[in-house]
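Subject: Handing over a structure

Hello,

I am passing this structure on to you, with some notes on its pockets below. Have a look at it first, then read on.

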Amino acid sequence: MTQILDGLKVSKEIKKEIREEVKKIVAAKRRPPHLVAILVGHNGASIAYVNNKIKDCEEVGFRSSLIKFPSTVSEAELLEKIHELNLSKEVDGFIVQLPLPPQIDQERIIMAIDPRKDVDGFHPENFGKMALEMDTFLPATPFGILTLLERYQIDTKGKHCVIIGRSRIVGKPMSILMGRKDFPGNATVTLTHSYTPHIEEFTKNADIVITALGDPGFLKADMIKKGAIIIDVGITRIDDDSPKGYYLAGDVDFESCRAIASAITPVPGGVGPMTRAMLMKNTILAYKTSVYND
């Protein structure tokens with residue numbers, strides 16, 4: 001029987017563990033970890049995501065703050081706020097919700113964040129440390145996938161892992177982490193993307209397939225081998241006639257692949273909840289290593 005890798009269940013376990021840790025911190029008369037989110041503009045998906053992060057903070061006992069800017073904010077104003085948060089002894093980690101308006105240089109914003117407070121794991125210093133297998137903040141989605149594989153004791157050593165998608169948020173870091181000398185890791189990794197011809201030639205020979213495309217139902221049963229592990233990072237909102245008005249679809253044709261795979265993540269309820277839980281994990285790691293908490 002195919003194993004469902006239940007990210008919702010595992011994320012609840014992780015948040016419970018963090019909550020217990022925070023209780024001990026507070027009992028010792030120390031302040032709880034503090035996560036700040038910066039939101040620019042009125043992007044519906046970004047607003048929903050940030051609100052979920054605030055809800056997660058409340059659940060685990062963190063202090064959370066939301067700083068809102070209009071879409072017309074200048075880059076200088078945003079950089080000034082980042083500088084203020086970098087210096088604050090009351091802030092352990094913060095995120096700037098992407099995407100940003102066109103007048104703002106996203107790379108400059110990422111570079112301005114103190115790497116010690118970069119709980120998204122996007123700063124080049126943290127990315128470089130990750131590549132060198134040094135302790136650092138891992139990007140939340142790859143961190144979540146690793147944790148899911150670890151909790152379900154999925155064997156990755158010596159396996160062939162094919163990743164579809166080369167984004168800096170998922171694909172590229174995932175390719176590094178799956179090849180690292182650790183568990184999960186020690187896999188032979190193939191990174192494919194939109195210019196890779198005949199992707200199915202790679203996926204058919206893969207022990208593990210990780211998709212991060214945003215192309216609903218892209219990976220079909222005839223593209224994988226029997227017993228493969230399927231990790232679906234994709235999540236696309238598709239309008240329909242249901243009361244909600246839409247449903248969420250992954251990159252994987254779930255029902256057909258489920259009949260062949262040995263383990264698979266659902267959408268929703270797979271990688272998504274793990275991403276949010278890992279942001280909480282990174283925040284408490286930032287708190288524990290902070291120069292202000294010695």
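Helix 2 supplies the largest share of the lining of the largest pocket, with seven residues. Please keep in mind that this is a predicted model. Helix 2 spans 44-60, and other elements that each bring at least two residues to this lining are helix 1 (7-27), helix 4 (106-112), helix 6 (140-151), strand 9 (236-239), strand 10 (246-249) and helix 10 (271-289).

How much space lies in the largest pocket? The value is about 1600 Å³. Its lining is made up of 50 residues, and those closest to the centre are Ala45, Tyr49, Ile235, Gly272 and Thr275. Sorted by class, the lining of the largest pocket holds 25 nonpolar, 15 polar and ten charged residues.

Now for the second largest pocket, which has a volume of about 820 Å³. Helix 5 (124-131), helix 6 and helix 10 are the elements that each give two or more residues to its lining. Which of them gives the most? That is helix 10, with six residues.

In total, 36 residues line the second largest pocket, and Met134, Asp135, Thr136, Phe137 and Leu285 lie nearest its centre. By class, this lining has 17 nonpolar, six polar and 13 charged residues.

Happy exploring, and best wishes

Definitions and conventions:
Residues are numbered from 1 along each chain as its sequence is written. This is a predicted model: local features need pLDDT of at least 70, side-chain atom pairs count only at pLDDT 80 or more; totals for chains, interfaces and linings use all residues. Side-chain values use heavy atoms; hydrogens and water are left out. On a 1 Å grid over the protein atoms alone, a cavity is a set of points where a 1.4 Å probe fits but cannot get out, and a pocket is an open set with protein on both sides within 12 Å along at least five of seven lines; lining residues have an atom within 4 Å of a point. Grid points are joined across faces, edges and corners, and a volume is the space filled by probe spheres set on the points. Helices (H or I, at least four residues) and strands (E, at least two) are DSSP runs, numbered from the N terminus. Ala, Val, Leu, Ile, Met, Phe, Trp, Tyr, Cys and Pro count as nonpolar, Asp, Glu, Lys and Arg as charged, and the others, Gly among them, as polar.
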